[in-house]
Amino acid sequence: METILSIAGKPGLYKLVSRGKATLIVETIDEKHLRMPAFATDRVTSLGDIAMYTDADDIALWEVLTKVGEKEGLKEASLNYKKCSSKELRDYFAEVLPNFDQDRVHDSDIKKLLQWYNILVKNGYTDFKAVLAPTEGNNVDDRQEQENA
């Protein structure tokens, strides 16, 4: 189990490596694997805590990523989300998640989702449930103890 993070204002995704007193040590999920601190003032969000709005209950991000993976055969997204129109983006996403909330899910949310999907797939993260689904325990150490038990 790894903790995958998004840091507001910084591109890409990060893997939690360690914790300091007032910082998190994170590593970029790319070919460079750069390590850097994330401070308490940074807006850090775990991808495991994110959900997408639907007309019924919200659906966990890992479930949405799994559906994108099924559509794309676990390859990078076929849609060029950077250059496509809003209609193309929403039509594509409706194939993945037909009941997404048209009012509360913005184009930027779909683009971010596809960007994260591409980063994860490109770097070998294809079992989204194992990587992103919340587990028991309050922190990484608790989770590792449970996994090793």
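Is Tyr 117 buried or exposed? In this predicted model, Tyr 117 is buried, with a relative accessible area of 0%. The legends below begin with helix α2 and return to this residue at the end.

**View 1. The buried side of helix α2.** Helix α2 spans residues 86–96, and its buried residues are Leu 89, Arg 90, Tyr 92, Phe 93 and Val 96. These residues lie on the same side of α2, because they cover an arc of only 160° around the axis. Their cover includes β6 (51–52), α1 (61–72) and α3 (107–122). On the face of α2 turned away from the buried side are the exposed residues Lys 87 and Glu 95.

**View 2. The crossing of α1 and α2.** The axes of these two helices come within 9 Å and cross at roughly 100°. Helix α1 is therefore roughly perpendicular to α2. From α1, the residues Val 64, Lys 67, Val 68, Lys 71 and Glu 72 meet Tyr 92, Phe 93, Glu 95 and Val 96 of α2. By class, this contact has five nonpolar, four charged and no polar residues.

**View 3. The aromatic pairs.** Two aromatic pairs are present in the structure. Phe 93 and Phe 100 form an edge-to-face pair, with 4.9 Å from centre to centre and 70° between the planes. Both Phe 93 and Phe 100 are buried. Tyr 117 and Phe 128 form a tilted pair, at 5.9 Å centre to centre and 40° between the planes. This pair links distant parts of the chain, with Tyr 117 in helix α3 and Phe 128 in helix α4 (residues 128–132), eleven residues apart. Phe 128 also counts as buried, at 3% relative accessibility.

How values were computed: Residues numbered from 1 in each chain as written. Predicted model: local features only at pLDDT ≥ 70, side-chain atom pairs only at ≥ 80, totals over all residues. Heavy atoms only, no water. Buried < 20%, exposed > 50% of the residue type's maximum accessible area, 1.4 Å probe, protein only. Helix = DSSP H or I, 4+ residues; strand = E, 2+ residues; numbered from the N terminus. Arc of directions from axis to C-beta. Contact = heavy atoms within 4.5 Å. Axes fitted to C-alpha atoms, helices over the stretch in contact; angles between N-to-C directions. Parallel < 35°, antiparallel > 145°, perpendicular 65-115°, else oblique. Nonpolar A, V, L, I, M, F, W, Y, C, P; charged D, E, K, R; others polar. Phe/Tyr/Trp six-rings, centres within 6.5 Å; stacked < 30°, edge-to-face > 60°.
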